Amino acid sequence: MTLLEQVEQALDTIRPYLLTDGGNVSVEEITADHIVRLKLLGACGSCPMSIMTLKAGIEEAIKKAVPTIKGIEAINLTDVDDPNAVMPENYR
């Protein structure tokens, strides 16, 4: 199984939750140094909780299933300076 197939399989474990809220995610690139670059789609692309979704959901699922992945980046993540952004350390 290729690295991309492994990452897609990991994403398939979290996709039902994303789809429930009108969102999804696509793999844009896996770099030579094993960084996964994602694009958040639908509601996930503009959601103020997208930082939480990336860190607590997507990143955890990928790293657990594919330990060779060194990092995950979203190319269209809600900016941390956005006053509506919800940061993982502030979510309670």
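Glu-29 is partly exposed, at 37% relative accessibility. Its salt-bridge partner is Arg-37, and the closest N and O atoms of the two are 3.5 Å apart. Arg-37 is also partly exposed, because its relative accessible area of 30% falls between the limits of 20% for buried and 50% for exposed. The model is predicted, and the chain has three helices and three strands.

**Salt bridges**

- The count of salt bridges comes to five, and the pair of Arg-37 and Glu-29 is one of them.
- Side chains of opposite charge can pair when their charged atoms come close.
- Arg-15 meets Glu-8 in a salt bridge, with 3.1 Å from N to O.
- Arg-15 also forms a salt bridge with Asp-12, where the closest N and O atoms are 2.7 Å apart.
- Asp-12 and Arg-15 both belong to helix α1, and three residues, or about one turn of the helix, separate them.

**Burial of the charged residues**

- Is Arg-15 buried or exposed? Arg-15 is buried, because its relative accessible area is 14% and the cut-off for buried is under 20%.
- Glu-8 has a relative accessible area of 26%, so this residue is partly exposed.
- Asp-12 is partly exposed as well, with a value of 46%.

**Strands and their pairing**

- Strand β1 covers residues 23-30 and strand β2 covers residues 35-42; the two pair in the antiparallel sense over seven bridges.
- In this pairing, Gly-23 stands opposite Gly-42 of β2.
- β1 and β2 form a hairpin, and four residues lie between them.
- His-34, in the turn of the hairpin, has a positive phi of about 65°.
- In which sense do β2 and β3 pair? Strand β3 (residues 71-74) and β2 pair in the parallel sense, over four bridges.
- Val-36 stands opposite Ile-72, a residue of β3.

- Ile-30 has its place in strand β1.
- With a relative accessibility of 24%, Ile-30 counts as partly exposed.
- Apart from neighbours within four places in sequence, Ile-30 is in contact with Leu-3, Leu-4, Val-7, Ile-35, Val-36 and Ile-69.
- Leu-3 and Ile-30 are 27 residues apart in sequence, while their C-alpha atoms are 8.3 Å apart in space.

**The chain as a whole**

- The order of elements along the sequence is α-β-β-α-α-β.
- Of the 92 residues in the chain, 36% are buried.

**Confidence of the prediction**

- The mean pLDDT of the chain is 82, and 80% of the residues reach 70 or more.
- Which element has the highest mean pLDDT? Helix α1 (residues 3-20) has the highest, at 94.
- Helix α2 (residues 43-46) has the lowest mean pLDDT among the elements, at 73.
- Helix α1, with its mean pLDDT of 94, is also the helix that holds Asp-12 and Arg-15.

Definitions and conventions: Residues numbered from 1 in each chain as written. Heavy atoms only, no water. Pairing = 2+ DSSP bridges. Buried < 20%, exposed > 50% of the residue type's maximum accessible area, 1.4 Å probe, protein only. Contact = heavy atoms within 4.5 Å. pLDDT = per-residue confidence, 0-100. Salt bridge = Lys/Arg side-chain N within 4 Å of Asp/Glu carboxyl O.
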